[in-house]
Amino acid sequence: MQMLTAGIDIGSLSTEAVLLSDHKIVSYSILATGADSRRAAEKALNEALGFAGAAPEDVRFTVSTGYGRTNVPFADLQVTEITCHARGALYTFPDTRTIIDIGGQDSKVIRLDEAGSVIDFAMNDKCAAGTGRFLEVMARALEVDVDELPELAVGASRAAAVSNVCTVFAESEIVSLIGQGVPRPEIALGILESVAERVVSMVKRVGLVPKVTMSGGVAKNKGVVQALERRLGMEIRVPDEPQIVGALGAALIAESRWRKATYL
Ligand SMILES: Nc1ncnc2c1ncn2[C@@H]1O[C@H](COP(=O)(O)OP(=O)(O)OP(=O)(O)O)[C@@H](O)[C@H]1O
Ligand SMILES: [Mg+2]
């Protein structure tokens, strides 16, 4: 019998589950959310339990987060993504003061004080500019995979101007740049720069305080990370698996709740 706590992050594109035991990550899973977020949450947890060789009864407390957090019937508590990303980022990098989370549907910048409490945040939630979705639509227009963009951009001597922030207009802009014969690496760099520009404007809203940690799937995009580092003039730390930061934070909150409830 194991004593585990679980965190589940149901995002617009991906769902993650993290299992913790004694403040350490035992296992995790990442899968596509798809149309049924409730099923995705169940599948993610079962997969993580399988990796851990554990049973559902081993989980003492479950916290859900992400846009689909209300669709997890087996969760004991729902917590906002802001709180969970903060908790998850601090676990890996305790001196974090600014968190940049770029997911599929929204991007957020979270400001922490010296004690690690959230004191402000900015969010881009109604428009796809500066999100993974924007990158995916633009990559498709360029006929490459989203994770091929950074490599393609390495060969660029300058960035093509992708000036439209509206995804629909930016997509036609890409098509017309291709038509004008602009080299594809320059367009790829222009796309990455456009995301970075948008995110930097959010960073400015909450104020830039080092050190900066990045979470979310787009943190795996080295081109976006480098473009952000250039614009911010400082290093950005990325955890080994940035996509599980929200679920990790949720599992840590579950652990605190469980300990409090049982006076462990
Ligand atoms: N290996 C990879 N390389 C580059 N980009 C990646 C990779 N894996 C995921 N991504 C990016 O991550 C994005 C999804 O991020 P994430 O899983 O954090 O989103 P989400 O949590 O489902 O969305 P949200 O938080 O907005 O609801 C994708 O749109 C894609 O751009
Ligand atoms: Mg997310």
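**Domain arrangement and ligand shell**

In this predicted model, the centres of domain 1 and domain 2, taken over C-alpha atoms, are separated by 27 Å. Domain 1 is made of two stretches, 1–93 + 243–264. Domain 2 covers 94–238. Domain 1 gives 15 residues to the contact, and domain 2 gives 21 residues.

On the side of domain 1 that touches domain 2, two helices each supply at least two residues. They are helix H2 (81–92) and helix H8 (245–262). H2 gives the most to this side, with seven residues. By residue class, the side of domain 1 that touches domain 2 holds seven nonpolar and eight polar residues. Charged residues are absent from it.

Ligand 1 was examined next. The shell around ligand 1 contains 22 residues. Both domains take part: domain 1 and domain 2 each provide at least three residues of the shell. Gly11, Gly103, Gln105, Gly132 and Gly217 come nearest to ligand 1.

Helix H3 (residues 132–141) provides the largest share of the shell around ligand 1, with four residues. In composition, twelve residues of this shell are polar. Another five are nonpolar, and five are charged.

How values were computed. Residues are numbered from 1 along each chain as its sequence is written. Chains are lettered from A and ligands numbered from 1 in the order in which they are written. This is a predicted model: local features need pLDDT of at least 70, side-chain atom pairs count only at pLDDT 80 or more; totals for chains, interfaces and linings use all residues. A residue is near a molecule or strand if its C-beta atom, placed from the backbone, lies within 6 Å of it. Ala, Val, Leu, Ile, Met, Phe, Trp, Tyr, Cys and Pro count as nonpolar, Asp, Glu, Lys and Arg as charged, and the others, Gly among them, as polar. Domain bounds come from an automatic or database domain assignment. Two residues are in contact if their C-beta atoms, placed from the backbone, lie within 7 Å.
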